[in-house]
Structures are given as structure tokens and as C-alpha cells.
Amino acid sequence: MNAPEKPLQKKRFDTIGKPRRRVDGRAKAIGQLRFADDLVLPRMLHCKLLRSPHPHAVIESIDVARAQAHRGVHLVLTGAEFPVPYGIMPVSQDEHALARERVRFVGDPVAAVVAVDEQTATEALELIEVKYRQLPTVASPEEGLANPEPRIHDYGEQGNIHRNQSYEFGDVEEALAKSDHVFEDLFFYEGNTHLPMEQQASLASVEGDGKLLLSSSTQNPHYLHRQLARVLQIPAAHIRVIATPNGGGFGGKCDPGNHEFVVSKAALMLGRPVKICLTREEVFYQHRGRHPVLMKFRTGVTKDGRLTAMHLQTLLDGGAYGSHGPASTFYTGVLTPVTYELPRFKFEACRVFTNKPACGPKRGHGTPQPRFGQEVQLDKIAEKLGLDPAELRLSMVTKPDSLTASWLRVGSTGLADCIRKVVEMSGWKERRRKLGPGRGLGIACSSYMCGAGVSIYWNKMPHSAVQLLLDRSGQVTVYCGATELGQGSDDVLASIIAESLGIDPGFVRCVTGDTGITPIDLGSYSSRVTIMMGNAALQAAGRVRELLAAAAAEQLNTLPDRVVFSQDRVFAAEDPGKTMSFIEAVALAETKFGTIAAVGSYAPPKPPGRYKGAGVGPSPAYSFSACVVETEVDPHTGWVTVPKIWIAHDIGRALNPVLARGQVIGGVYMGLGEALMEEQAFRRLPPKLSSALVHRNPSMLDYKSLTSLDMPEVEVALIEDPDPNCPYGAKEVGQGPLLPVMPALANAIYDAVGVRIDEVPITPDKVLRALEKKEKGEVPRVGPESFPAVPYPAPTFVLPPWEGGDGNETKRNDKTAVV
Amino acid sequence: MSAVPDRVHMTLRVNGEELPVSFAPYKTLLEVLREDLNLTGTKHGCELGECGACAVLVDGEPLLSCLELAVQCEGREIQTIEGLAKGTELHPLQAAFADVGGSQCGYCTSGMVMTAKALLDSEPAPSRERIREALSGNLCRCTGYQQIWESVEEAARVLRDGKR
């Protein structure tokens with residue numbers, strides 16, 4: 001028996017690191033897990049939404065009389081019932097459950113019908129008469145900048161600019177002027193959507209005590225709970241939100257949805273349960289997916305390949321509402337300096353409203369776009385300087401516990417190990433440039449945060465909390481507001497509690513994602529759950545363990561800190577013969593102390609940056625990934641085949657390697673889909689059909705995603721160097737592994753056929769166009785050709801740590817004394 | 001238009017049981033399974049035949065239940081995910097999906113497992129390529145498919161060897 005251990009020092013684990021059936025695996029495999037649309041209640045009614053056919057219009061009148069009179073209809077709702085706006089972010093409360101005066105995209109909900117069944121509700125939708133007056137529309141950020149009027153919203157920076165910001169960490173122009181080379185590149189990343197297999201569904205009801213219960217497919221029951229109280233104008237204590245197990249989320253179920261308010265209101269008005277399930281087409285309108293982003297990188301390097309400075313400009317197509325936009329805007333740059341040493345960094349970003357479904361957070365939230373540009377540009381730098389792209393990256397990875405120019409603390413990093421590992425696995429050195437014509441290898445890296453350092457609404461309370469309850473029967477029940485999306489958060493919770501108490505995870509019952517029962521966790525976003533929920537769980541388990549150890553020590557005739565918990569038993573460290581069952585230990589503790597329960601909570605450490613805006617980007621830890629993609633490009637069709645992908649992910653520690661590996665491969669899959677085919681694209685109908693700006697492909701057939709036949713084999717290496725800020729050292733794995741895939745693919749295509757595709761998705765027509773240019777002796781590149789004049793504000797100027805800064809904003813002229 | 005349309009009454013044979021049921025005649029097999037027989041293990045992702053989440057077996061063949069009218073299924077042998085386990089003992093496909101990562105969010109799992117069952121019923125030792133092909137009509141957004149292929153291979157091995 002080992003001496004009592006702190007989690008990180010623990011040498012031998014019972015549960016952690018062992019491949020295991022996930023705690024919810026059985027229910028899923030037998031079809032017994034109940035998703036939101038599987039729920040049924042007596043007297044339940046069904047709801048359907050009427051959506052705008054126009055991209056931008058004033059609602060002049062709505063006549064619901066005929067719909068109301070339709071047989072089987074119980075209620076028709078319009079924007080008149082929803083005077084209070086909402087929005088996931090406090091600074092963007094710009095949505096109404098049903099549009100009141102204006103619609104802003106094709107698909108904006110304007111009315112709702114509640115009826116005996118879906119069929120009847122659908123019939124009644126057709127009977128609602130809405131008179132619209134159409135307004136000029138904005139199809140792109142460029143159009144939005146050029147046309148400040150009419151404004152899509154009457155708030156924001158100016159005209160149709162929602163957010164506009166600028167940060168400069170050290171004098172970037174000075175550093176660029178002194179650089180041996182300055183690379184200037186433009187990139188474009190098309191928008192795409194989450195496409196979770198489960199369509200959003202919600203069931204609202206009024207419980208026996210008169211309180212509202214909303215069971216919904218949501219990633220963030222806590223934020224939804226807050227917004228419901230606001231919109232419905234009833235105390236939060238009278239509302240209970242249950243996050244049903246989600247059939248995938250990927251960020252798409254983070255924002256509160258119109259339908260959630262509508263069925264809640266309807267249930268309260270009718271006193272009957274009301275259910276809605278969005279159609280697949282409606283899921284494309286709900287969207288909140290990847291922002292299309294145009295990017296300009298100006299990067300200085302020395303002749304031996306050291307970065308000197310980077311000036312990054314981004315322009316985001318926000319769609320019709322704010323959503324997470326203020327955060328998304330930051331994320332198109334804040335994580336850029338985390339991977340490689342970058343002495344100075346300037347970052348300007350602008351988000352423009354357009355008349356399309358709102359963009360928001362999708363897996364990697366704002367980071368895949370700049371990472372694509374950064375990593376493709378690095379490939380160009382390596383090519384120009386005659387350096388091996390893997391060696392170039394390896395030579396400049398950020399150091400552990402270092403600060404970036406922007407004052408992010410890097411913490412632990414396994415990036416160098418990741419690069420070495422994928423180089424080895426892929427046979428990079430032996431195979432690169434030796435695969436023959438049309439075949440190539442490309443490498444790229446990335447990093448992602450393990451939870452945002454700051455909550456979406458300002459507060460100093462815990463980000464995650466866990467309550468643990470034990471009783472004499474040996475039952476261990478753990479309560480936490482965290483939400484299961486399929487990523488395995490319940491399994492993480494059970495495994496951390498089980499390991500800490502030395503019991504089988506099967507002993508642990510998880511009760512999660514229920515605002516009426518579970519302590520608050522902010523939600524399943526920003527790769528925060530393992531770290532934040534896990535640390536809260538560790539604290540709760542530690543407190544319970546102390547009680548059990550104190551009680552058991554008396555019986556085992558040892559000291560409490562010599563009590564060891566393992567294999568469903570409790571031992572004295574010095575003599576494994578002195579032992580009792582875990583259940584006996586719980587009973588002793590209950591006898592000695594009364595009911596055994598404990599809470600634990602977690603808030604991230606205070607970030608080192610102190611300038612305004614320094615709250616976006618800091619994280620308790622960062623994960624790192626490196627990826628090599630192999631390609632075969634058909635020169636006649638431009639068709640890109642990917643035979644294999646190798647990826648190494650610095651996960652700190654894999655709590656359940658089956659799930660960790662699944663997250664990595666799933667991330668690679670989604671990244672490859674974005675790289676090759678996924679796009680949320682729009683077109684204008686001809687004038688005789690109203691010129692509306694419509695979604696090009698709102699179906700699973702037309703929105704292309706990789707099938708089982710398209711997906712290559714992925715070889716995964718998990719780099720495990722436990723991070724001291726993370727529970728048992730475990731960092732995130734849900735989002736990071738997606739990020740290096742797109743640039744690695746683009747770099748592999750260059751390696752294969754010598755053309756640069758500086759935008760995603762990289763479709764065969766673009767490859768073919770670039771090959772034709774190459775044939776004609778033109779620059780063999782397809783990508784954006786210009787960056788519009790964006791009225792970025794004067795930057796917030798902050799000196800990097802190594803230039804005498806203190807993390808605060810300084811006046812620019814102060815710096816000359818220091819440099 | 002009638003708000004409460006006429007209903008048809010028939011007996012469907014589901015998972016070996018004769019189940020009398022009455023429903024509106026326009027309803028798909030998917031809707032009747034989920035809404036009238038409370039067999040919600042079968043999922044829907046598009047209701048347009050694009051995603052495979054609603055696959056069930058009809059007379060042993062995988063069929064998209066969202067595209068089939070329930071009235072056309074009288075007298076046919078319908079198998080859903082609920083009928084696969086023997087009591088509480090999981091079918092080897094179900095056990096493998098739970099154990100080796102074939103199921104993440106679980107929403108595509110029923111359709112995947114039923115489609116894979118049809119494959120293994122006719123080909124006990126399919127190649128990786130055959131598995132990929134057989135499942136190519138079933139979309140999954142979580143797994144990247146690899147652990148699904150591995151689950152099917154593991155189940156095939158268990159079914160052949162008779163042990164886990």
C-alpha cells in the first residue's frame with residue numbers, strides 16, 4: 001500500500017487511465033436513454049413556429065384570428081407576448097422569443113401555434129397572416145461596412161458594426177520594420193454549422209406546485225435558467241431547467257433558443273405540458289455556428305526563422321444577432337500567441353451584423369479560423385526560408401509557465417512532445433517529399449483553453465460546484481449542474497469521485513444538469529467541464545474522505561492520514577491486513593459524524609493580465625495538439641483524398657482513454673469535414689422571388705459532411721504529462737484536436753501539388769482553379785484577394801512582460817523609455 | 001382539412017410481439033413506433049431519409065423508418081433497438097458500442113447498431129471496408145466513425161467466437 005497521496009502524486013490508480021465502459025454507455029446502446037423529444041407527459045400539446053420568409057423586414061401586422069379558430073389549436077403566440085429581450089451575453093440582449101417589430105433573417109421566428117398535435121399546429125401556421133415591409137439587406141461584412149444604414153440593430157459600435165476592438169502588445173510596426181522578412185497573407189474561413197444528430201427539442205410543463213419545469217436539449221441549463229427568469233418575469237426559484245442528455249451539441253445548444261421561451265410561456269398560460277422539436281431545416285436557422293472570418297496576417301521573422309511580431313486583423317460575419325459574438329470576436333485572436341514564442345502582437349477584430357442566422361460558438365469557438373491562417377502562413381515561412389516545417393515549429397514552442405506578449409500564462413505544455421510524436425508516427429522525415437507526384441504530407445499545431453477564466457456574466461462566485469452524498473448502504477450520489485452532451489462529462493464526474501474514494505465508478509450515481517437539484521455549473525462550453533467540475537469534485541471527495549478516514553482510523557488503529565482508499569475497501573497504509581469495506585467505513589463515519597455529505601467548488605485562478613479585455617483568453621491550463629495529414633490530389637479533378645491522419649494531443653492525463661481517444665478522433669473528423677466540405681452558405685433568390693437571402697443547403701443531404709466511407713483512419717497519441725491545475729492532471733480534449741486539422745490539410749495539399757488554398761472549405765473546384773493558375777504560370781493560389789478598410793479603433797496598448805509591462809494598459813509614448 | 005384525421009387500426013409485429021395499434025394513416029413507421037407504441041429508442045435526425053438515425057430492421061433488412069408508412073408494415077417483422085437485448089443481457093453489438101467508444105452522444109447509436117446487425121447477420125466476418133460501406137448511410141457527428149468500426153469488429157469477433 002502506498003502512503004496517502006495527493007491526487008497528482010498518486011502512483012497507482014484503480015480507475016483513472018483504464019479503458020472502461022462509460023457510465024451512460026449501457027443506456028445508450030439499448031435505446032433507453034431519454035433525449036428531450038423522447039419525453040411524453042399526459043395532456044401534452046405540441047408547438048410549431050412560424051418563421052420569416054424575408055431576410056430583413058418590418059412586421060406591419062400579424063393576424064392570428066384564423067389560426068386561433070382552427071380546430072385543435074389551443075394557443076397562438078406572437079412577439080406581443082414577449083416584451084423582454086434576451087441574449088446569452090449581458091452586452092448583447094438583442095433577441096426576442098418571437099420577433100416584435102422586425103425580422104432579421106430568413107427563419108426568424110414570428111409566431112407560434114400550440115395544438116393537439118404537430119400536424120394541426122403546422123396547418124394553423126399557414127393560417128397566420130403576416131404583413132411585412134421589406135428592408136434592404138446585408139449579405140456580408142463588406143456590405144455591412146459599406147452600408148451603415150439601415151441598421152440591423154439599433155445598438156453596437158456604429159452602423160452595422162456589432163463589435164470592434166484593437167489590442168497591441170509592444171510596438172508591432174517597429175518590430176516588423178526590423179524583421180528580415182515580413183509575410184503578408186490573407187485567409188478566409190467559411191462558416192459552418194454544428195449539425196448535431198439530435199434536433200433541438202424542449203418540453204415545458206407546470207409542476208404540481210405551480211412551478212415551471214423545462215426539460216430541454218441545452219448545453220447550458222444555468223444560463224438558460226437565468227434567461228427564462230428574465231424573459232418570463234418570474235423568480236428563478238419558480239423555474240427548474242433539466243438539461244436532458246444531448247444528442248450532440250458542439251456549441252449549437254449553448255445559446256438559449258427561441259423555442260425554449262415559447263414552450264415555457266405556453267405551458268404557463270395553458271397549464272398543460274407543451275413540447276416542441278425543431279425540424280432539421282429549423283436547426284440550420286437556429287445555427288449559432290462557426291463565424292465566417294476574413295483574416296490578414298502580417299508576420300515578421302528573422303532569417304533563421306524566429307518570429308518577431310504579428311499583426312492580425314479579423315473581420316467576422318456575425319449574422320443577425322449578437323449571440324456569443326463579443327466573445328467570438330476576441331477568440332479570433334486571443335489564443336494565437338499561445339503556441340509559439342511571439343515577442344510582439346497586435347490584434348484587431350471587427351464583427352458585423354448581416355441578415356443571416358446568427359453565428360456563435362462552435363467547437364473551438366473563434367480559434368479555428370486564425371489558427372488556420374497562422375499555421376498555413378508558417379508553412380509558407382518555412383518554405384521560403386528553406387526550413388523543415390516541423391523543425392521550425394519545434395524550435396519556437398512556448399515554454400512551460402511562460403507568459404505570452406498578451407499576458408496569458410501558458411502553464412504546462414506538451415506541444416514539443418506532440419510535434420515529435422506526430423513526426424515519428426507519420427514517418428515525416430523519411431516520407432515527406434518522397435511520396436511521389438500528387439501526394440503530400442502537411443503538419444500543423446494548435447492549442448486550446450481548458451475553460452474560460454471568466455464567466456459569461458460578471459461575478460466572483462464558483463464556476464462549478466459539486467455536492468456529494470453518502471449513506472450507510474454505501475450509496476455515493478454526486479450532484480453537479482454539468483451537462484452531458486455525449487462527451488462523457490458524467491463519466492468524468494463518476495471516475496474522479498470513484499478514484500478519490502477508492503471505489504468502483506459503478507458505485508457512483510451521477511445526478512447532473514438539473515437547476516432544481518444540482519449545484520451550479522456554468523455549462524458545457526469552452527472545454528471547461530473536466531477541469532472545473534473535476535476540481536470541484538476533487539474538493540468534495542477530499543472532504544468526505546477526511547470524514548471516512550477519521551472514522552476508519554479509530555477502528556483500524558492507525559492515524560487518519562494513514563488511511564488508504566482502494567478497491568472498494570479502506571486500509572491502514574502500514575498494514576494492508578488492517579482493512580474494512582468501504583461500506584463499513586461509511587457506516588462508521590455516519591455513526592461518528594451524522595449524515596455524510598460535502599460540497600466542493602472551483603473558480604479559476606486570477607489571470608495575470610489586468611488591462612480591459614484581459615478576461616478573454618486566460619485559462620487554468622491549455623491543451624496542445626500537433627497533426628500530420630496525408631493527401632492525394634487528383635490533378636484532373638482537383639479531388640482531395642486523405643488516406644491517413646496522425647495526431648498527438650497533450651491531454652495532461654486521460655481519465656478514460658476510450659473516451660479521450662473518441663474525442664480526439666471526433667475532433668479530427670469534424671475538422672476534416674470543415675476543411676473539405678462543410679459550409680453554411682447563402683444565396684440570393686432572383687428578384688421575382690423576393691431577392692431573399694436564403695440558406696443554400698439546409699438539409700443533411702445538401703450540407704455535406706463526412707460519411708463512414710469518407711473518413712480516413714486516424715492514429716492517435718495521447719501525450720500525458722499531468723497538469724497541476726487540473727484534476728488528476730487531466731486537460732481538455734473536446735475541442736483542441738479539431739484545430740490543427742484544417743491547416744495541416746491545406747499544407748499537405750501544397751506539399752502534394754504546390755498550390756495554396758488559403759480558404760476553407762478546400763473543395764475540388766478551388767484546387768482545380770489553383771492548378772490551372774499554376775499551369776499558366778500565375779501565382780498558384782486561391783484565396784481572398786483583398787481586405788476591406790475596417791475602421792478599427794485605436795489600440796489598447798499593453799507592454800509585453802519582457803518589456804517592463806505590468807499587465808495594465810500603458811500610454812504608447814511611455815514605452816520608448818523602456819524599449 | 002380535418003384536425004383529427006381518421007385513424008387506421010392494425011396489428012404490427014414488433015420485436016416478436018403482436019402489437020395492436022391505431023394511428024392516423026399518414027404516419028410513418030418512425031412516428032408510430034415512437035408516438036403510438038412508445039418505442040422511443042428509434043431516433044430521428046432529419047425525417048427525410050438523409051441521416052440513418054431511424055434505421056430499423058424490417059424482414060431482416062435495414063429500413064429508414066421515416067420514409068416508410070406504418071400502414072405498409074402490417075404482417076412484416078419489425079425489429080427495433082429495444083428488441084435486441086435478451087432480457088438484461090446486451091447483444092454483443094450493444095456491449096461493444098458501450099465498451100469501445102462506438103456510442104458517444106448515443107443519438108445515432110440505435111440506427112448504427114440495427115444497420116450493423118443486418119450486416120453481421122449476413123456477413124459474420126466483414127472487412128473494415130465492408131463495415132464502412134454498410135454504415136455509410138448512417139451519419140454520426142461525434143465519433144469520427146473509427147470507434148464505431150471497431151465496435152462492429154469487436155461484436156463480430158464475439159458473435160463468431162461466442163465469448164468476450
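**View 1. Loop around A:Gln567 in the predicted model.** A:Gln567 lies in the loop of chain A between strand E20 (563–566) and strand E21 (569–572), where strands (E, at least two residues) and helices (H or I, at least four) are DSSP runs numbered from the N terminus. Phi of A:Gln567 is near 50 degrees, a positive value in a residue other than glycine. A:Gln567 is partly exposed, with 13 other C-beta atoms within 10 Å; a residue is buried if 20 or more other C-beta atoms, placed from the backbone, lie within 10 Å of its own, exposed if 12 or fewer, and partly exposed in between. This is a predicted model, in which local features need pLDDT of at least 70, side-chain atom pairs count only at pLDDT 80 or more, and totals for chains, interfaces and linings use all residues. Residues are numbered from 1 along each chain as its sequence is written, while chains are lettered from A and ligands numbered from 1 in the order in which they are written.

**View 2. Loop around B:Tyr145.** B:Tyr145, found between helix H4 (128–134) and helix H5 (146–161) of chain B, has a positive phi of about 70 degrees although it is not a glycine. With 29 C-beta neighbours inside 10 Å, B:Tyr145 counts as buried.

**View 3. Cis peptide bonds of chain A.** A:Glu149 and A:Pro150 are joined by a cis peptide bond with omega about -10 degrees, and A:Pro150 has its place in the loop between helix H4 (141–146) and strand E7 (161–169). Another cis peptide bond joins A:Val760 and A:Pro761, with omega about 0 degrees; A:Pro761 is in the loop between strand E30 (759–760) and helix H19 (764–775).
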